[in-house]
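Here is a short note for a colleague opening this structure for the first time. The points below can be followed with the sequence and the model side by side.

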Amino acid sequence: MVKLNFVVRSVVITLAFTLSLCDANDDDGNPKFHIVYLGSLPETKASYSPTSHHLNMLQQVLDGSNPTKSLVRSYKRSFNGFAAMLTNQQAAKLTEMEGVVSVFPSKTLQTQTTRSWDFLGLPKAPKMHQTVETNLVVGFLDTGVWPESKSFSDKGIKGPVPKHWKGTCAGGLNFTCNKKLIGARFYVENSARDNNGHGSHTASTAAGKTVDNGGFYGIAGGTARGAVPSSRIAAYKVCSDSGCEDHDILAAFDDAIADGVDVISLSISGTTARPLDTDSVAIGSFHAMAKGVLVVQSAGNYGPFPGTVASVAPWLITVAANTIDRKIIDKVVLGNGKVLTGIPVINPFESKRRTIPIALSNGNTRGCFKKSDDQCACLDEKSVKGKIILCDYFLQEDILFSGAAGAIGKASDLDNVADNTLMPSVTLLPKDYAIVKSYKNSTKHPSAKILKSESAQDHNAPKVVAFSGRGPNPTISEILKPDISAPGVDILAAYSPIGSPTEDPSTDNRSVHYNILSGTSMSCPHVSGIAAYVKSFHPHWSPAAIKSAIMTSAKPMVRSSVEDVGEYAYGSGQANPILAINPGLVYDINKEDYVQMLCNLGYNNRTIKVISGELNPCKGAAHRSLVRNLNYPTFAAHVRPMVPFNVRFGRIVTNVGLANSSYSVTITPNPQVNITVTPRVLSFKALNEKRSFVVKVVGKIPHETVVISSIVWLDGTHHVRSPIVIDVSVP
């Protein structure tokens with residue numbers, strides 16, 4: 001099995017707890033978890049029993065074995081399929097059966113705020129609007145929640161549970177719901193209770209109640225709140241400390257859609273993108289979209305390299321992570337008075353003495369090979385006990401067990417995100433680390449004092465962080481991913497008091513109710529909250545219309561480095577919740593449009609018929625070049641160097657602004673290409689009126705590059721912006 005990642009950062013490398021790929025394709029003859037995806041449920045269900053159908057299919061490949069022992073779970077509420085223990089040979093036989101879309105190993109994805117909502121400009125909701133929010137239900141597929149958290153209290157929540165809610169509170173032993181936390185289910189372990197902290201953090205970020213005096217040991221204190229604090233929450237526990245398995249994710253989708261959630265948030269991702277028909281999140285979110293439910297997913301934590309975005313389905317929102325205007329800083333004062341500022345480490349400790357000796361040598365234990373003295377493995381207790389040690393790379397437990405009083409570490413230039421620490425520590429960039437080494441070697445009694453972390457203003461925000469997954473879209477080059485960026489660095493939100501703050505319970509038994517985490521796991525619920533916020537103003541908008549509103553109203557950003565392609569890092573820019581509720585124009589997409597895109601991608605008619613439940617899903621001639629005509633709020637294409645190109649994008653916008661309005665287009669020029677828009681003016685006489693236009697990009701570029709531009713539709717009030725990205729490269 002492969003594990004989808006919690007998309008958080010951990011100490012040492014990137015958190016996403018490290019994704020493990022337990023190879024489900026090894027042909028050893030042993031049964032393994034497989035998912036058999038059968039597409040949409042039949043429209044007439046009266047005479048159809050999904051479970052009986054699934055057992056009958058298994059009976060045909062199990063050579064007389066009892067199929068009930070192989071069947072793990074049937075998906076039968078919102079779409080059709082099942083999970084079963086199968087050998088590769090049995091899975092191959094099922095693949096050939098009529099009505100089977102795909103059979104694939106159940107991979108295990110692993111999971112990868114106070115100031116952030118103020119930074120995004122979202123005010124606390126007026127009491128009049130809180131009544132509207134109470135009709136919204138946000139579902140979270142995660143590690144569960146801590147139901148007793150103040151962030152999930154129902155104090156002040158008005159009105160009954162929404163009428164469209166069909167779910168239940170099945171959270172297990174000693175798990176109680178309320179008028180805020182109205183639903184809970186678990187698919188792993190024995191309760192929906194959050195033992196980890198990740199699920200409580202994401203749920204409270206999007207939809208948590210307003211809680212004053214939140215903080216982590218006095219760091220980054222303030223008022224913790226979600227975007228829609230009066231909305232309802234439903235928790236679907238699909239992740240344990242070991243990961244989040246595909247078959248559990250699909251089961252939660254099956255339930256959440258049928259339960260009546262309005263938005264589904266998944267701070268879950270893999271290391272790489274997968275084909276749409278073998279990606280549990282792509283499959284589940286397709287059926288959610290078909291029922292009017294918007295899905296938001298993390299982009300993944302495997303940046304900054306190109307093509308590392310792991311969430312690629314066009315019918316969901318993929319979210320990158322950026323900084324906010326508050327950062328965590330750490331300082332160390334050397335014995336000679338020099339003060340050095342490190343990259344962020346969330347250090348709630350301060351050296352107890354005025355200064356502490358710096359170890360002249362880290363020593364070495366017998367039989368341990370080290371490339372350098374600053375490699376802090378196999379530390380000699382006699383050499384380092386009670387002292388600060390210098391480490392070019394270290395694991396916290398090594399230092400804790402050695403008796404050292406603290407550590408000064410060396411970071412790479414890409415490390416710009418705070419990680420929790422268990423001891424006084426600071427991480428310095430190589431040039432500052434060299435200063436400390438030089439000082440240590442220049443005196444007989446070197447010493448230092450490591451100060452407690454503090455908050456400071458970050459004037460460079462927002463910037464996409466290095467770990468955030470980048471485009472281009474490795475599966476569908478015509479769809480720009482990620483879609484949007486949101487705060488995902490140093491986010492304070494609710495936490496499980498039995499979850500380790502450093503996510504390492506073997507060495508960290510502290511108990512906290514709020515914690516600071518970073519990752520695309522943290523940016524995802526910001527956009528989930530914004531989506532719910534937009535839906536509270538426009539309850540009848542489609543998932544695509546809400547997505548379009550968020551994307552076209554986004555704040556443009558600048559790239560994080562010279563090497564970075566900005567739009568591959570942040571998509572349309574940083575989400576802006578206030579502008580998103582009044583976008584002026586939206587690019588709407590329905591289920592039939594997405595189905596036609598699948599036809600143009602080359603999926604066969606039989607497969608698409610099963611996925612969509614439609615008798616004749618593919619309309620007209622299908623061709624890969626037509627994929628770019630999906631009514632997406634961005635424009636992306638791939639062309640070859642030295643080959644002349646004339647790329648055409650057809651789009652339709654719907655007027656949701658002023659009834660009588662006229663929009664003119666502005667094109668950001670790029671000297672490498674010629675961009676035209678026809679017509680250049682769109683006039684509307686009524687709300688919900690539609691107008692079409694065509695964007696053409698013409699050129700011939702001799703070398704590999706990425707061409708960036710944008711168009712903006714303006715009516716004097718609204719600013720509807722869409723990036724244009726042309727990837728010029730050899731496939």
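1. A term first: two strands pair if DSSP finds at least two bridges between them. This is a predicted model. In it, an open sheet of five strands runs in the order β30-β37-β36-β32-β34. The pairing in this sheet is mixed. Its edge strands are β30 (635-639) and β34 (681-684), and each pairs on one side only. From one strand to the next, the twist averages 15 degrees.

2. β30 pairs with strand β37 (residues 719-728) over five bridges, in the parallel sense.

3. An open sheet of three strands has the order β21-β22-β23. Here the pairing is parallel. β21 (388-391) and β23 (425-428) are the edge strands, each pairing on one side only. Neighbouring strands are turned by 15 degrees against each other on average, direction ignored. β21 runs parallel to strand β22 (residues 406-410), and four bridges join them. Opposite isoleucine 388 stands glycine 406 in β22.

4. Alanine 405 deserves a look. It lies in the loop between α10 (396-402) and β22. Is alanine 405 buried, partly exposed or exposed? Its relative accessibility is 22%. Buried means under 20% and exposed means over 50%, so alanine 405 counts as partly exposed. Lysine 385 is 20 residues away along the chain, yet the two C-alpha atoms are separated by 6.8 Å. Leaving aside neighbours within four places in sequence, alanine 405 is in contact with Ile356, Gly386, Lys387 and Pro424.

5. Now the annotated site. An unreviewed UniProt entry gives the annotation "active site" to Asp142, His198 and Ser521. These residues are spread over 380 residues of sequence but cluster in space, with a largest C-alpha distance of 10.0 Å. Aspartate 142 lies in strand β7 (residues 137-142). Its relative accessible area is 2%, so aspartate 142 is buried. Histidine 198 lies in helix α6 (residues 198-207). Histidine 198 is buried too, at 1%.

6. Helix α12 (residues 520-537) has 18 residues. From first C-alpha to last it reaches 26 Å, close to the 26 Å expected at 1.5 Å a residue. How many residues of α12 are buried? The count is 17 of its 18, and the helix is mostly covered.

7. In soluble globular proteins, nonpolar side chains tend to be buried together. In this model, the largest nonpolar core has 61 residues. Ile249, Phe253, Ile264 and Leu276 have the most contacts inside it. Helix α7 (residues 246-259) gives the largest share of this core, seven residues. A second, separate core has 45 residues, including Phe140, Ala235, Val263 and Ile546.

8. Strand β18 (residues 326-334) and strand β19 pair in the antiparallel sense over four bridges. Aspartate 330 has glycine 342 in β19 as its bridge partner. The hairpin has four residues between the strands, and glycine 337 there takes a positive phi near 95 degrees. Which face of β19 (residues 339-342) is covered? Leu340 and Gly342 form the covered face, while Val339 and Thr341 form the uncovered one.

9. One runs from lysine 481 to proline 482, with omega near -5 degrees. Proline 482 is in the loop between β25 (454-457) and β26 (484-487). Another joins threonine 678 and proline 679, with omega about -5 degrees. Proline 679 is in the loop between β33 (674-678) and β34.

10. Two further backbone points concern phi. Aspartate 63 is not a glycine, but has a positive phi of about 55 degrees. It lies in the loop between α1 (50-59) and α2 (67-70). At 65% relative accessibility, aspartate 63 counts as exposed. Glutamate 189, also not a glycine, has a positive phi of about 60 degrees. Its place is in the loop between β8 (181-186) and α6. Glutamate 189 is partly exposed, with a relative accessible area of 46%.

Notes. Residues are numbered from 1 along each chain as its sequence is written. This is a predicted model: local features need pLDDT of at least 70, side-chain atom pairs count only at pLDDT 80 or more; totals for chains, interfaces and linings use all residues. Side-chain values use heavy atoms; hydrogens and water are left out. Helices (H or I, at least four residues) and strands (E, at least two) are DSSP runs, numbered from the N terminus. Axes are lines fitted to C-alpha atoms, for helices over the stretch in contact, and angles run from 0 to 180 degrees between N-to-C directions. UniProt positions are given in the numbering used here, feature names are shortened, and annotations may be inferred rather than shown by experiment. Buried means under 20% relative accessible area, exposed over 50%, partly exposed in between (1.4 Å probe, protein chains only). A nonpolar core is a set of buried Ala, Val, Leu, Ile, Met, Phe, Trp, Tyr and Cys residues joined through side-chain atoms within 4.5 Å. The expected span of a helix is 1.5 Å times one less than its number of residues. Contact means heavy atoms within 4.5 Å.
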